[in-house]
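Please open the model in the viewer and keep the selection panel at hand.

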Amino acid sequence: HVERATVDGPSLSFGLVNASFRDKGNMSRKLHARRIEGIDKNIWVEFSQLAADYKAVNLGQGFPDFSPPHFIQEAFCKALNGGFSKHQYTRAFGHPNLVKILAKFFSRIVGREIDPMEDILVSVGAYQALFCTFQALIDEGDEVIIVEPFFDCYQPMVMMAGGTAIYVPLKPREGCGPVLSSADWVLSPEELASKFSPRTKAIVINTPNNPLGKVYQQEELHMIADLCIKHDVICISDEVYEWLTYDGTKHVKIASLPGMWERTVTIGSAGKTFSATGWKVGWAMGPGHILKHLKTVHQNSVYHCATAAQEAVAVGFQREYDVFGTEGSYFQQLPKHLHEKRLRLADCLKSVGLKPVLPQGGYFMIADISNLNVDLADPSTKDEPYDYRFVKWLIKEKGLATIPVSAFFSPEHKDEFQKYIRFCFVKEDSTLQAAEDILRQWSDSK
Amino acid sequence: MASIKHKNTKRIEGLDKNVWVAFTSVAADPSIVNLGQGYPDIPPPSYVKEGLAQAAMVDRLNQYTRGFGHPTLVKALSKVYGKVYDRQLDPFKEILVTVGGYGSLFSTMQALVEEGDEVIIIEPFFDCYVPMVKMAGGKPVLIPLRLKSSSAASSVSSADWVLDQEELASKFNSKTKAIIINTPNNPIGKIFSRSELQAIADLCIKHDTLCISDEVYEWLVYKGHEHVKIATLPGMWDRTITIGSAGKTFSVTGWKLGWSIGPEHLIKHLQTVMQNSLYTCPTPLQEAVGQGLLRDFELMGKPDCYFTSLALELEGKRDRMAAMLRQTGMTPVVPEGGYFMIADVTALNQDLSHMGDDEPYDYKFVKWMIKEKKLASIPVTAFVGEDSVKQFEKYIRLCFIKQESTLDAAEAILKSWNKD
């Protein structure tokens with residue numbers, strides 16, 4: 001630690017300061033802002049790197065390894081050849097063609113007139129919509145209820161905004177035998193109610209849920225809504241997987257329940273909707289008086305989102321608006337396509353002694369690994385949670401990448417959920433086949 | 001009725017107003033010649049567009065890429081800038097890809113500025129600097145560029161606008177966390193000379209402050225001038241974040257890709273902000289920019305390198321615009337770089353008293369000019385703090401990265417100015 005050089009004369013200062021800390025930087029004061037303390041670790045960075053290093057069959061990170069539908073790729077090509085304006089700035093809060101069709105499309109679903117200019121903000125992926133929401137609405141001292149297991153970014157985002165995360169877990173229902181479906185994981189109404197306090201600013205729900213795949217039923221959402229209304233709390237509803245439900249399960253938008261539109265921010269994703277996660281187009285939708293604060297954050301952070309991708313997504317939604325509910329709709333075809341993959345993976349996991357939780361919706365399936373007795377003799381992971389150690393072993397020894405589920409739990413509850421790993425099944429059949437081969441080979445060799 | 005709990009957070013208090021909201025709706029009216037907002041109406045180079053079309057055809061490139069920057073792009077950036085900086089740049093630790101230069105500024109402020117910090121900003125400044133510093137809890141400390149009294153009235157250059165050295169030194173104190181510089185500067189077009197940058201560097205080192213150098217217009221440098229990177233001055237690499245922009249480099253502002261380059265111990269904090277705010281930037285766009293950079297890297301220093309050819313093309317437009325404005329009676333400040341020009345409208349003696357008292361003169365002039373002359377520009381006081389309004393309220397900003405037909409239309413308006 002060097003004292004700040006306060007000598008006069010530039011060359012002398014330079015000599016003193018430059019001589020030290022060449023590799024640590026020659027500044028003696030603390031550089032980073034407090035808001036980023038404790039949020040520098042990230043599981044994706046660690047596990048994506050590992051999967052790449054070991055060239056593992058990747059059922060880890062959640063993205064399709066097949067192409068987006070032809071009509072959306074075509075729309076993108078058309079957009080980028082559509083004149084100079086498609087390569088220059090568009091409207092900051094959302095490309096007019098896109099916000100108009102989103103308003104039209106979702107008005108029909110939510111059952112109310114959504115204003116494209118006031119009630120919608122387009123963002124760089126749903127991720128940035130979440131960021132704008134927390135930055136706009138969460139002040140120091142505000143409490144945010146997070147239902148676990150949760151998409152990992154909610155916790156650091158709440159922290160960066162100075163808020164306090166209060167966790168409430170989904171738990172396997174008592175007395176229903178071996179839990180087989182995500183529908184069996186539920187909230188305890190009493191426990192949930194106990195988490196609300198005068199400091200509660202918001203609650204975050206994710207339906208369909210990542211990693212569990214739970215799709216909240218009407219009654220469950222009513223219970224949450226009642227509490228939001230009673231305690232005057234904002235609901236942040238992450239619905240990026242809204243089109244991916246199986247076995248006839250219906251996705252319900254909490255914003256469509258009585259008393260909820262005026263206090264709900266609903267988050268959506270073109271990446272998940274159109275299997276183009278690399279386009280990073282998302283949105284937040286809600287009442288103008290709340291959205292305007294998200295817009296303020298947006299205009300002071302990224303300001304604009306890329307134009308051509310927004311134009312392409314607009315064309316995609318127009319097409320889906322026209323064929324909605326019919327067989328030709330991508331929103332029908334994709335879940336149908338994934339339905340089989342989901343069942344196939346579940347069967348394979350069962351056959352090798354893993355206990356999958358069959359998801360009602362979404363991209364992912366978790367499986368209980370406690371039946372396997374693997375000798376994880378890797379000293380480098382000695383102090384890590386069991387599921388982290390198992391996942392790393394599976395990557396290194398078997399070449400199969402998954403994600404440890406305790407990463408989606410709070411520090412307080414991580415220990416109780418160390419025996420699940422998460423698989424992404426939104427993959428080509430060849431990828432799933434390769435994963436199956438690895439698992440069967442391993443099972444056969446035991 | 002909106003609940004009191006639905007109020008905005010403290011960090012964005014007062015940051016909802018924005019000069020662009022008022023003036024960009026103007027762009028929608030096709031009868032108005034728009035020299036206001038800074039974006040090209042000339043097409044981007046064809047190989048860049050083609051690169052995007054090709055990238056979009058590759059399955060993997062439509063899905064998530066590396067959060068801190070797509071490998072093709074960060075490697076290309078480390079190549080190009082490695083040459084410019086004459087230093088080995090680690091593509092993974094010393095570079096962060098962001099949503100435009102704007103996103104780099106945001107990541108930098110959120111990572112490195114907090115309550116109690118002062119940040120020096122030079123006026124006129126790209127308008128987002130002040131609200132971003134405020135959102136991070138910092139206190140903006142402003143210092144204006146001043147017109148040298150020695151400059152001839154008829155021929156003013158952006159080089160005639162300088163900082164008063166004593167005044168600059170007086171702005172630094174123990175609370176100063178950083179100084180933001182923008183070179184080439186928006187709106188004036190000034191390119192800070194090596195000695196001017198050295199003076200700033202000396203103060204940064206003396207007071208142990210950071211330097212945030214917004215160099216998005218770095219390739220748009222006109223004959224006789226040189227863009228110098230403050231990060232290359234002795235003692236500065238370790239304390240400087242340098243910001244660049246694909247949008248400005250390749251005339252694709254709508255791609256919203258930019259980058260921060262700096263030492264690992266600073267960039268890692270920006271990466272933390274990135275991973276907790278939007279995580280990753282669009283993949284196909286990054287691939288296309290990476291390919292474009294690799295192509296131009298091979299041509300660097302040659303006239304058909306886009307970095308050079310664009311500047312050559314714009315120099316002609318710059319000179320043409322300056323001549324048009326002079327002819328009307330305005331006094332343009334000829335920029336050394338960038339694609340904006342400010343002009344002094346004092347000599348026109350336009351009486352705007354009928355427009356009331358509550359706005360600076362330039363805001364009124366710009367609105368009057370849109371209405372009466374169908375020509376759009378931006379008031380320069382949008383880029384300064386309250387205390388400097390009087391100094392800048394006779395200036396308007398015009399953007400000249402426009403195709404010849406747009407400039408023809410502007411010329412027609414300016415030529416017939418006094419005929420009404």
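The tour begins with conventions and then moves through the selections in turn.

This is a predicted model, in which local features need pLDDT of at least 70, side-chain atom pairs count only at pLDDT 80 or more, and totals for chains, interfaces and linings use all residues. Residues are numbered from 1 along each chain as its sequence is written, chains are lettered from A and ligands numbered from 1 in the order in which they are written, and side-chain values use heavy atoms, without hydrogens and water.

**Select chain A.** Colouring by secondary structure shows 14 helices and 15 strands; these are DSSP runs numbered from the N terminus, helices being H or I of at least four residues and strands E of at least two. The radius of gyration, over C-alpha atoms, is 24 Å, close to the 22 Å of the globule rule for 446 residues, so chain A is as compact as a globular protein of that length. That rule is 2.2 Å times the number of residues to the power 0.38. Along the principal axes, the C-alpha atoms of chain A fill a box of roughly 75 × 60 × 50 Å. Of the 446 residues in chain A, 63% are buried (under 20% relative accessible area, 1.4 Å probe, protein chains only).

**Select residues 95-98 of chain B.** This is strand 2, covered on both faces: B:Ile95 and B:Val97 are buried on one side, B:Leu96 and B:Thr98 on the other. In a regular strand the side chains alternate between the two faces of the sheet.

Strand 11 pairs with strand 2 in the antiparallel sense over 4 bridges; pairing requires at least two DSSP bridges. Within strand 11, B:Ile261 is the bridge partner of B:Ile95.

Note on methods. Buried means under 20% relative accessible area, exposed over 50%, partly exposed in between (1.4 Å probe, protein chains only).
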